[in-house]
Amino acid sequence: MNLRYKLIGFSAPILALSLSVFITSLILTAIGKDPIETFILMYDYGTTGKSLVSVFNRFIPLYISAIAVAVGFKMGLFNIGVEGQYLLSALLAAAIGASFSVSRPLHILLIMVIATAISSLWGALAGYLKVSRGIHEVISTIMLNYIGTGIIAYLLGQVFNDDDKANLIPQTTPLPETGQIPSLNNFLNIEDLPSLHGFLPIAIILGFLYYFLIWKTTLGYNLRITGQNPTAAKFSGVDPKRLTMLAMIISGGFAGLVGMGPLLSYHHQYSIDFPAGIGFAGIGVALLGRNHPVGMAFGAVLFAFLERSSQILDLRDVPKEIETMMSAFILLIVVVFYEVIRRYIVTQQIKEASKEVED
C-alpha cells in the first residue's frame, strides 16, 4: 500500500507538467503561434552544449535554495527570507573574502563559513521573533528581506564599494585567485563550451547532507514529526521553540551557500548585477520536489532548462513570458494535486484502520 501511495505522489509532477504544457499550448494557439513548433524550438536550443552548461550553472543556486526552503517546510515553517539571507551573506562574504589571501582550499572554505554564519544569524532573527513574540515567520522573513535589501544598498554604495574609478557600477573588490573555484571544464576535458561552475560538486554534496540530516538523524526525525503533528510531538517531549530556532538557523545556513556558486565560480565579486530572485524560485523548486533531495534536483533542472530554452523565443517572435506562465502553471497544478493526493491518502488510511478494527 505504501508503494501505491508513493506512485500516486510521483505521478503528481508528471501530470502537472503535462497539464501545464496543454494549457500553454492553448495560450500559444490563441495568440497565433504554433505550440508544437515552439516547444521543438525550445528543446533544440535548450539541448545544445552551451545551453546544457548554462542549465547546470543555473541548477546550482536553485537547488541549494530549494534545500534551504525545504528544511523549514519539513517542520511546517515557511522561510520566505532565503532571498535576503543569501544576498546579504554573499555581499559580506565577498567583501571580507577580498580583504585577505591564504591557500585556495582554506580561503574558499573561510568564505563559505562566513556566508553560512551570517545567513544563519539572519535566519535566527526570524526564529527568535517567532518563539519569543509569536510573530509568524512569513511576516518576519519578508520584512527581513526588505531590511536586508536596505543594508545591502548602503554597504555596497558606501562601505564596500571598490575605489577603482573605472567601475561604473557599485561593486566590491574582486576576490583574489585563491578565493576563486576553478571551472570544471579542465577536469572533464570540456572544450569550446562556457565555463561549468566548480561549485556543482559542492551542491551535490549539500543534497546528500540534507538527506542525511532530515532522514538519518534524531534532529531530522523531530523536525519531520513536528511538521506532521506538532501536538503529538510536543507531548512526546520535543521542545517546539528549540526546534524552531534550530530549523531557522539551519535553513539560513543553507541559504548562505546559495550565492556561493555565482560568487566563487563566476562573478568573483558582489555588484548590483549579482543574481537575484533565486530565493523565491527555490520555494517553487522545493514544492515541486516535495522537499526530497532527488525530487528537488529534477525540479531545479526543469526550471533551469525552461529559463534557458525560452531565451530563443524572442528571436522567433514568440513571447518569452511563456516560460514564466508555464512555470506558474506547473506550481499551481502540482500544489493542488498534492493536496488532493494528501486527502485521498488520509481517507484511505482511515478506511483501512476502520476495517482492521472491524475485523
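This is a predicted model: local features need pLDDT of at least 70, side-chain atom pairs count only at pLDDT 80 or more; totals for chains, interfaces and linings use all residues.

Me: How do you know that the length of helix α8 agrees with what a helix should span?
Reply: Helix α8 covers residues 200–216, which is 17 residues. The expected span is 1.5 Å times one less than the number of residues. For α8 that comes to 24 Å, and its end C-alpha atoms are 24 Å apart, so the two values agree.

Me: How does α14 do by that rule?
Reply: α14 has 17 residues, and from its first C-alpha to its last it reaches 24 Å. This is close to the expected 24 Å.

Me: Why are the buried residues of α8 said to line one face?
Reply: The buried residues are L200, A203, L206, G207, Y210, L213 and I214. Viewed down the helix axis, they fall within an arc of 135°, so they line one face of α8. On the other side of the helix, I205, F208 and K216 are exposed.

Me: What covers the buried residues of α8?
Reply: The cover includes α3 (49–74), α9 (218–228), α11 (240–256) and α14. Helix α14 has buried residues of its own, among them P293, M296, F303 and L306.

Me: What makes K33 and D317 a salt bridge?
Reply: The rule asks for a side-chain nitrogen of Lys or Arg within 4 Å of a carboxyl oxygen of Asp or Glu. Between the side chains of K33 and D317 the N to O distance is 3.3 Å, so the pair meets the rule. K33 lies in the loop between α1 (2–30) and α2 (35–46), while D317 lies in the loop between α14 (293–309) and α15 (322–358), so the bridge ties together parts that are 284 residues apart in sequence.

Me: Are K33 and D317 buried, partly exposed or exposed?
Reply: Buried means under 20% relative accessible area, exposed means over 50%, and partly exposed is in between. K33 has 21%, so K33 is partly exposed. D317 has 57%, so D317 is exposed.

Me: Why does the pair R104 and E177 count as a salt bridge?
Reply: The closest N and O atoms of R104 and E177 are 3.7 Å apart, and the limit is 4 Å, so the pair counts. R104 lies in helix α5 and E177 in the loop between α6 (137–159) and α7 (185–188), so the pair ties together parts that are 73 residues apart in sequence. With 30% relative accessible area R104 is partly exposed, and with 59% E177 is exposed.

Me: How many salt bridges does the rule give?
Reply: The count comes to five.

Me: Which residues make the nonpolar surface patch, and why can V102 be part of it?
Reply: V102, L106, L109, L110 and V113 make a patch of about 380 Å². A patch residue needs over 30% relative accessible area. V102 has 31%, so V102 passes that cut-off, though by its label V102 is partly exposed. V102 is in the loop between α4 (82–97) and α5 (104–133).

Me: What makes the phi of N291 and D317 worth a remark?
Reply: Most residues other than glycine have a negative phi. N291 has a positive phi near 60° and is not a glycine. D317, also not a glycine, has a positive phi of about 60°. N291 lies in the loop between α13 (278–288) and α14, and at 14% relative accessibility N291 counts as buried.

Me: Where is P174, and what does P174 touch?
Reply: P174 is in the loop between α6 and α7. Not counting residues up to four places away in sequence, P174 touches A98, D162, H268 and Q269. P174 and D162 are 12 residues apart in sequence, with their C-alpha atoms 8.4 Å apart. The contact rule asks for heavy atoms within 4.5 Å. At 40% relative accessible area, P174 is partly exposed.

Key: Residues are numbered from 1 along each chain as its sequence is written. Side-chain values use heavy atoms; hydrogens and water are left out. Patches are made of residues with over 30% relative accessible area and no salt bridge: like charges are joined within 9 Å, nonpolar side chains (Val, Leu, Ile, Met, Phe, Trp, Tyr) within 5 Å. Accessible areas come from the Shrake-Rupley method with a 1.4 Å probe; for residues, only the protein chains shown count as cover. Helices (H or I, at least four residues) and strands (E, at least two) are DSSP runs, numbered from the N terminus. Buried means under 20% relative accessible area, exposed over 50%, partly exposed in between (1.4 Å probe, protein chains only). The arc is that of the directions from the helix axis to the C-beta atoms.
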